[in-house]
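Please open the model in your viewer and keep a selection tool at hand. The stops below say what to pick next and what is found there.

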Amino acid sequence: MAGACCKGTSSFSAFKRTLVVAPRSSAAVPRSGLYTGRLYERGAWERRWAIRTTAAHRRPVMLCFSCQETMTETMRTCFLYLNQTSRSFAAVIQALDGELRQAVCIFYLVLRALDTVEDDMSISLEKKVPLLQDFHSFLYQPEWRFTESQEKDRQVLEDFPTISVEFRNLGQEYRDVISDICHRMGVGMAEFLEKKVGSMKEWDEYCHYVAGLVGIGLSRLFSASRLEDPEIGRDTELANSMGLFLQKTNIIRDYLEDQQEGRSFWPKDAWSQFAAKLEDLAQPQNLNAALSCLNLLVTDALRHVPDVISYLTRLRNQSVFNFCAIPQVMAIATLSACYNNPQVFQGVVKIRKGQAVTLMMQASNMDAVKAIISQYSQEILQKVSHTDPSRDKTLVILELIRGKTITQETLQSRSHHLSPFYLSAAMLLAAISWQYLSAMSGQNPTATDMQGH
């Protein structure tokens, strides 16, 4: 990963396949996420954007010497903060090509600062609401900082001038995107501070604010960098679906953890069909009802997969493709593991570390991604019960996904032809992946959380 240099980046594309798995967190509600993994506190970047303090935070910034030497001191500090606040996105952001790397780094840190305000339960609502709504304006106030936060990542607020000055150093095309998304997300966060997710429409709305907007913002940055076509940034519907798919996957998987910490993100319109209270689904005597509710929500999340395939198919730059594709294949693997699985209500759904590394290494081109999605969709299909209330809807969406993934190429083995350079990088990539996942797994050296936070 250290080879991701501003110059000659194409020659290092084989090394830019970094697993985006957002680690678990106990941050306060509500959650937000960047979609290249919790963007994705959940969804798309990191789960809740809040990351537990670990030794991984002390790792050096993974930029080549040439990049570091040409950076301003404040930009080097920004990459340091990126490493300190993100265990998964630091590496994958630094693998992006050219100036997009710095733009996405600042985008992440700005939204991380916004989320830190939203997470901090020591800030009164009277103070928090205007802070969230006006946060975008602080980007243009050189001396603005916030020193009253009690959150562990409060350095991004206390030293916000370092972040904002680098924001102002970005090109106008990047500044416009970041400021706009920050504004819209802050308004959405303020709206849901005291609002429960009731209807399925509100579930979509909440996920849009905390993850879909991140997908839209990233897509606009991709296009602004000219690494991707303008259509990528203009098609907000597909970009929104990228974020919603990750966010819903994380919410579904984390039912038990959220319940234990007093959080509620499953929409009432769904769970009220099967239980008087959301927490009742965790009772052993209610297992059948719980599984019916779970399968309903998994089916709803799966409806975004055709859009995910359409979005990824349009990408042309390898580093951008890796950045976007890996969390999506991890999400479909997560949903397959969660579907009709009592473990969702009893513990944590996990996959083997080796499986995660395999997915990461395989998801390097569109044919491989389609094959992976097809495999896990078929696994879900095999688990659909004849008595499940959502059976018909599940079968319909799985058939739509099948139609989007079955091609001549995907009928072949997932061992696709790789260039000699890709093959020569395989051993190094596996070692990087194993080290990365080991840093994230923390408590269990043999398994890691699936795709999620």
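**First stop: a cavity**

Begin by selecting helix α12 (residues 255-260), which gives the most to the lining of the largest cavity, with three residues; helices here are DSSP runs (H or I, at least four residues), numbered from the N terminus. This is a predicted model, in which local features need pLDDT of at least 70 and side-chain atom pairs count only at pLDDT 80 or more, while totals for chains, interfaces and linings use all residues. Residues are numbered from 1 along each chain as its sequence is written, and side-chain values use heavy atoms, with hydrogens and water left out.

Now extend the selection to Ile251, Tyr255, Asp258, Gln259, Arg263, Ser264, Phe265, Trp266 and Leu278, which line the largest cavity. A cavity is a set of points, on a 1 Å grid over the protein atoms alone, where a 1.4 Å probe fits but cannot get out, and lining residues have an atom within 4 Å of a point. The space in the largest cavity comes to about 40 Å³, a volume being the space filled by probe spheres set on the points. Its lining divides into five nonpolar, two polar and two charged residues, where Ala, Val, Leu, Ile, Met, Phe, Trp, Tyr, Cys and Pro count as nonpolar, Asp, Glu, Lys and Arg as charged, and the others, Gly among them, as polar.

**Second stop: α11 and α14**

Select helix α11 (residues 236-253) together with helix α14 (residues 287-302), whose axes come within 9 Å and cross at roughly 165 degrees; axes are lines fitted to C-alpha atoms over the stretch in contact, and angles run from 0 to 180 degrees between N-to-C directions. The two helices, α11 and α14, are therefore roughly antiparallel to each other, a term for angles over 145 degrees. To see the contact (heavy atoms within 4.5 Å), show Phe245, Lys248 and Ile252 in α11, which meet Leu294, Leu297, Val298, Asp300 and Ala301 in α14. By class, this contact of α11 with α14 has six nonpolar, no polar and two charged residues.

Which angle do helix α8 (residues 172-191) and helix α9 (residues 200-224) make as they pack? The angle is about 180 degrees, with the axes of α8 and α9 9 Å apart, and α8 and α9 are therefore roughly antiparallel to each other. The residues of their contact divide into 12 nonpolar, three polar and seven charged.

**Last stop: α16 and α18**

Finally, select helix α16 (residues 318-338) and helix α18 (residues 366-383), which pack at an angle of about 10 degrees with their axes 9 Å apart.

Key. On a 1 Å grid over the protein atoms alone, a cavity is a set of points where a 1.4 Å probe fits but cannot get out, and a pocket is an open set with protein on both sides within 12 Å along at least five of seven lines; lining residues have an atom within 4 Å of a point. Angles under 35 degrees count as roughly parallel, over 145 as roughly antiparallel, 65 to 115 as roughly perpendicular and the rest as oblique.
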